[in-house]
Amino acid sequence: SYIMLIFFISWFRDRSSTRTMTFLIATVFLTTTLLVEKWMTLKSSAFIVFHRYDQSLILKRLGDSAKYYGSAIDSDPKKNRELKDYQLEHRTLKLEESKRMKHFFRIEDKRIMVLDHQSINTDFGFKPDILILMNSPKVNLERFLKVVHPEIIVADGSNFFNYKSLWQRTAEKHNIIFYDTAKMGAFVM
């Protein structure tokens, strides 16, 4: 955009054929870039666990539509800085709020389970690839990992610090990757 603006100002000052061609090439290049970016957004998907202190925020995007789930989030997505920044990155993204947190997600071939203080259930009929811990669930992770053995355990900013350090030691003991959003930032898949 800046290069096109510079070419436009230069063309406006001196309307020669060379400057006209340069401006037109810059316009075609910018248009092509925007179209390719939109096409790539339509063909991709994402699952993000954002880091928010004392809150949870999950976003699931398929193409140009996204649904976000969370605890204590503002109903206006413009007030949520993380959502606004993500929406700016994907210009054509349509955001939709979910009133209730989902506990099971599927992104491509990965199964994701969300475990919070409201839903502690080990009888769910499948083994999740990713386990997300939020709102400091009172779960014995050692015993829980005997039933399920996920590839990754993700703890967001809504969990107590001492719980996360205990979970990290348990995950390392079972050779499972532990991802703490407070230390590593948002979990993006």
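Let us begin with how open a residue is to its surroundings: buried means under 20% relative accessible area, exposed means over 50%, and partly exposed covers what lies in between, with a 1.4 Å probe and protein chains only. By that scale Ser17, at 58% relative accessibility, counts as exposed. The structure you see is a predicted model, in which local features need pLDDT of at least 70 and side-chain atom pairs count only at pLDDT 80 or more, while totals for chains, interfaces and linings use all residues. Residues are numbered from 1 along each chain as its sequence is written, and side-chain values use heavy atoms, with hydrogens and water left out.

Ser17 is a handy place to start walking, for it is found in helix α2. Helices (H or I, at least four residues) and strands (E, at least two) are DSSP runs, numbered from the N terminus. If you look from Ser17 to His149, you move 132 residues along the chain, and the C-alpha atoms of the two are separated by 66 Å.

Now turn to the aromatic rings. A pair of aromatic rings is described by the distance of the centres and the angle of the planes. Here, rings of Phe, Tyr and Trp (its six-membered ring) pair if their centres lie within 6.5 Å; planes under 30 degrees apart count as stacked, over 60 as edge-to-face, and the rest as tilted. By this rule the count comes to nine aromatic pairs. One of them is the stacked pair of Trp11 and Phe23, with 5.8 Å from centre to centre and 15 degrees between the planes. Trp11 lies in helix α1 (residues 2-13) and Phe23 in helix α2 (residues 17-43), so this pair ties together parts that are twelve residues apart in sequence. Phe23 counts as buried, at 17% relative accessibility. Ring pairs also link Phe8, Trp11, Phe12 and Phe23 into a cluster.

Tyr2, Leu5, Phe8, Ile9 and Phe12 form a nonpolar patch on the surface, with about 560 Å² of accessible area together. Patches are made of residues with over 30% relative accessible area and no salt bridge, where like charges are joined within 9 Å and nonpolar side chains (Val, Leu, Ile, Met, Phe, Trp, Tyr) within 5 Å. The areas come from the Shrake-Rupley method with a 1.4 Å probe, and for residues only the protein chains shown count as cover.

Next come the charged pairs. Side chains of opposite charge can pair when their charged atoms come close. A salt bridge is a side-chain nitrogen of Lys or Arg within 4 Å of a carboxyl oxygen of Asp or Glu, and the structure holds seven salt bridges.

One of them joins Glu151 with Lys110, the closest N and O atoms being 3.0 Å apart. This pair links distant parts of the chain, 41 residues apart: Glu151 is in the loop between α4 (141-147) and β8 (152-155), and Lys110 is in strand β6 (residues 110-115). Glu151 counts as partly exposed at 41% relative accessibility, and Lys110 counts as partly exposed at 24%.

Another salt bridge is formed by Glu142 and Lys173, whose closest N and O atoms are 3.5 Å apart. Glu142 lies in helix α4 and Lys173 in helix α5 (residues 161-173), so the pair ties together parts that are 31 residues apart in sequence. Lys173 is exposed, with a relative accessible area of 59%.

Lys164 and Asp180 also form a salt bridge, with 3.3 Å between the closest N and O atoms. Lys164 is in helix α5 and Asp180 in strand β9 (residues 177-180), 16 residues apart. Lys164 counts as buried at 7% relative accessibility, and Asp180 counts as buried at 4%.

Last, visit two loops. Glu108 lies in the loop between β5 (104-107) and β6, and has a positive phi of about 55 degrees although it is not a glycine. Asn175, found in the loop between α5 and β9, has a positive phi near 55 degrees and is likewise a residue other than glycine.
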